[in-house]
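Please work through the exercises below with the sequence and the three-dimensional model at hand. Each task is followed by a solution in steps.

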Amino acid sequence: AYRDEEAFTRAVALGLLDYLRKSRSSGWVVSLSGGADSAAVTALCSLALKMAERELGFSGLKSRLLYIDGIEAITDINGLSRAMITTVYQSTQNSGEITRKAAAAVATALGSTHHEWSVQKIVEAYTAIAGTAQKRTLKWSTDDLSLQNIQARARAPGIWMMANIERKLLLATSNRSEAAVGYATMDGDTCGGLSPIAGIDKAFLLRWLTWLEHTGPDGHGPIPAMKFVNEQSPTAELRPPSRGQTDEDDLMPYPIL
């Protein structure tokens, strides 16, 4: 009944682990927004490790990752997840408590090492620099798209730095539907060394996350914490909260897209 969901999960999970080993990377880093795309990417990282453990046994999996510093001291899959998966919630003044809590709940359920920080001062600094060059104050009434995009782009340097420091792969979180119509920010959600859901449409991804919450892959079961993501209307959270921004209002219903 869930052939497509199972196939997608197993193919991408295998691909993530295979690419990780071939590139001699120590793990994955994801900018975890509390929304669907980044939650899906993080879940696939977690499932890559769990499915490999089921196939190879923990010692077999660990033996294939001995190039990673400190791996010998890790004794179980939970420790491996904490060491190999890093997630960061990067807020601005337009970020909400719902997405922050969703990101934290997903990170806890998936066993990542999770951080929270604000990029608001970075956004303000870039906005001031551009405003000085334009000899005017940038405003939402005249600079809506620019003020949205700088928030997404301001998240890139810090998360790249984490990936560099920890010698991990930064994973991009842009999906096929949004990329096809330009609803993705270059050097924002498109930045990364690997893009695991770039070929996946958002309508399927939303169905997959519901399946993951309630059923999950055979032999692994559901991830109930995905409810914190699934109960939201997808939003970029780049406009002020008073504007009630949602992705489907900006675009169209995802099944139509």
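The exercises treat the sheet, a helix, the nonpolar cores and the cysteines in turn.

The model is predicted, and local features need pLDDT of at least 70, side-chain atom pairs count only at pLDDT 80 or more, and totals for chains, interfaces and linings use all residues. Residues are numbered from 1 along each chain as its sequence is written, and side-chain values use heavy atoms, with hydrogens and water left out.

**Exercise 1. The sheet**

Determine the order of the strands in the open sheet and the sense of their pairing.

Step 1. Helices (H or I, at least four residues) and strands (E, at least two) are DSSP runs, numbered from the N terminus. Two strands pair if DSSP finds at least two bridges between them.

Step 2. Begin with β2 (85-91). Six bridges join β2 to β3 (residues 113-118), and the two strands run parallel. Within this pair, Gln90 lies opposite Trp117, and Val88 has His115 as its bridge partner in β3.

Step 3. Turn to β1 (28-31). Four bridges connect β1 with β2, again in parallel; Trp28 stands opposite Ile85 and Ser31 opposite Val88.

Step 4. β1 also pairs with β4 in the parallel sense, over two bridges. Val29 has Leu170 of β4 as its bridge partner.

Step 5. The four strands therefore form an open sheet in the order β3-β2-β1-β4, with parallel pairing. β3 and β4 are at the edges with a single partner strand each, so one side of each has no neighbour in the sheet.

**Exercise 2. The faces of α1**

Explain why the buried residues of α1 line one face of the helix.

Step 1. α1 (3-22) has 20 residues and reaches 28 Å from its first C-alpha to its last, close to the 28 Å expected at 1.5 Å a residue. The expected span is 1.5 Å times one less than the number of residues.

Step 2. The buried residues of α1 are Glu5, Glu6, Phe8, Thr9, Val12, Ala13, Leu16, Leu17 and Leu20.

Step 3. Seen down the helix axis, these buried residues fall within an arc of 165 degrees, so they line one face of α1. The arc is that of the directions from the helix axis to the C-beta atoms.

Step 4. On the other side of α1, Arg3, Asp4, Ala11, Leu14 and Lys22 are exposed. The elements covering the buried residues include β1, α2, α3, α4, β4 and α10.

**Exercise 3. The nonpolar cores**

Identify the residues with the most contacts inside the largest nonpolar core, and the helix that gives the most to this core.

Step 1. A nonpolar core is a set of buried Ala, Val, Leu, Ile, Met, Phe, Trp, Tyr and Cys residues joined through side-chain atoms within 4.5 Å.

Step 2. The largest core has 50 residues, and Phe8, Trp28, Leu65, Leu80, Trp208 and Met226 have the most contacts inside it. α2 gives the most, with twelve residues.

Step 3. Contact means heavy atoms within 4.5 Å. Not counting residues up to four places away in sequence, Phe8 touches Leu44, Ile197, Ile200, Phe204, Leu205 and Trp208.

Step 4. A second, separate core of seven residues includes Ala156, Ile159, Ala163 and Cys191.

**Exercise 4. The cysteines**

State how many disulfides the structure holds and whether Cys45 is buried or exposed.

Step 1. A disulfide is a pair of cysteine sulfur atoms within 2.5 Å. The structure holds zero disulfides.

Step 2. Cys45 is in no disulfide, and the nearest cysteine sulfur, that of Cys191, is 15 Å away.

Step 3. Cys45 counts as buried at 0% relative accessibility. Cys191, at 13%, likewise counts as buried.

Key. Buried < 20%, exposed > 50% of the residue type's maximum accessible area, 1.4 Å probe, protein only.
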